[in-house]
Amino acid sequence: MKPNYKNWVPKSMLYLLGAFAFIYFVITIVLQCFLNNGSIKKIVVAVSLVITILLTVIFLWMLRMYRAFSYNGKRKLSKEVVEGVADYVK
C-alpha cells in the first residue's frame, strides 16, 4: 500500500481564495458602473480594487505553494521533507 501524504495546502483554501478574488473583481466592476460620480465613488472603488488585488496576489502565492508542496509535482518539496525526516527515524 502506497502512503498518501496529500498536500499541505488544501485545495478548498485555493478555491475559496479564487472565489473571493473573483467576487471582489465583480463587485469592483459593478461599483464602477452603478455608483454616481463623486469622491465617495472613487474611495469605494479604490478600496474594492485594493482588496481585489490583495486577494489575487494571495491566491497566486498559495497556488505556488500548493504546487511546491505537491508530493507528485515537479518540485517535490513535500517528498524531500517527508523522506528527510524518515531518514532520521532509522
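The model is predicted: local features need pLDDT of at least 70, side-chain atom pairs count only at pLDDT 80 or more, and totals for chains, interfaces and linings use all residues. Residues are numbered from 1 along each chain as its sequence is written, and side-chain values use heavy atoms, with hydrogens and water left out.

The chain holds three helices and zero strands. Its elements run α-α-α from the N terminus on. Helices (H or I, at least four residues) and strands (E, at least two) are DSSP runs, numbered from the N terminus. Of the 90 residues in the chain, 18% are buried. Buried means under 20% relative accessible area, exposed means over 50%, and partly exposed lies in between (1.4 Å probe, protein chains only). Contact means heavy atoms within 4.5 Å. Among contacts in the chain with a separation of 6 or more, 57% join residues 24 or more positions apart.

Helix α1 covers residues 11-34. The helix has 24 residues and reaches 34 Å from its first C-alpha to its last, close to the 34 Å expected at 1.5 Å a residue. The expected span is 1.5 Å times one less than the number of residues. Helix α2 covers residues 39-68. Its 30 residues reach 43 Å between the first and last C-alpha, close to an expected 44 Å.

In α1, the residues L14, L17, A21 and T28 are buried. The buried residues of α1 pack against α2. In α2, the buried residues are K41, V45, S48, T52, L55, M62 and A68. An α-helix has 3.6 residues a turn, so residues three or four places apart point the same way.

S48 lies in helix α2. S48 counts as buried because its relative accessible area is 5%. Beyond residues up to four places away in sequence, S48 touches Y24, I27, T28 and L31. The side chain of S48 also makes a polar contact with the side chain of T28, at 2.5 Å. A polar contact is a pair of N or O atoms within 3.5 Å; within protein, one must be able to donate a hydrogen and the other to accept it, and residues adjacent in sequence count only if both atoms are side-chain atoms.

Y24 is in helix α1. It is partly exposed, with a relative accessible area of 29%. Leaving aside neighbours within four places in sequence, Y24 is in contact with S48, I51, T52 and L55. Y24 and I51 are 27 residues apart in sequence and 7.2 Å apart in space, C-alpha to C-alpha. I27 is also in helix α1. I27 is partly exposed, at 34% relative accessible area. I27 and L49 are 22 residues apart in sequence, with their C-alpha atoms 9.0 Å apart.

K41 is found in helix α2. K41 counts as buried because its relative accessibility is 11%. K41 touches L31, Q32, L35 and N36, not counting residues up to four places away in sequence.

The chain exposes about 7300 Å², of which carbon and sulfur atoms supply 69%. Accessible areas come from the Shrake-Rupley method with a 1.4 Å probe; for residues, only the protein chains shown count as cover. L16, F20, F22, I23, F25, V26, I27, I29, V30 and F34 make a nonpolar surface patch of about 950 Å². Patches are made of residues with over 30% relative accessible area and no salt bridge: like charges are joined within 9 Å, and nonpolar side chains (Val, Leu, Ile, Met, Phe, Trp, Tyr) within 5 Å. A salt bridge is a side-chain nitrogen of Lys or Arg within 4 Å of a carboxyl oxygen of Asp or Glu.
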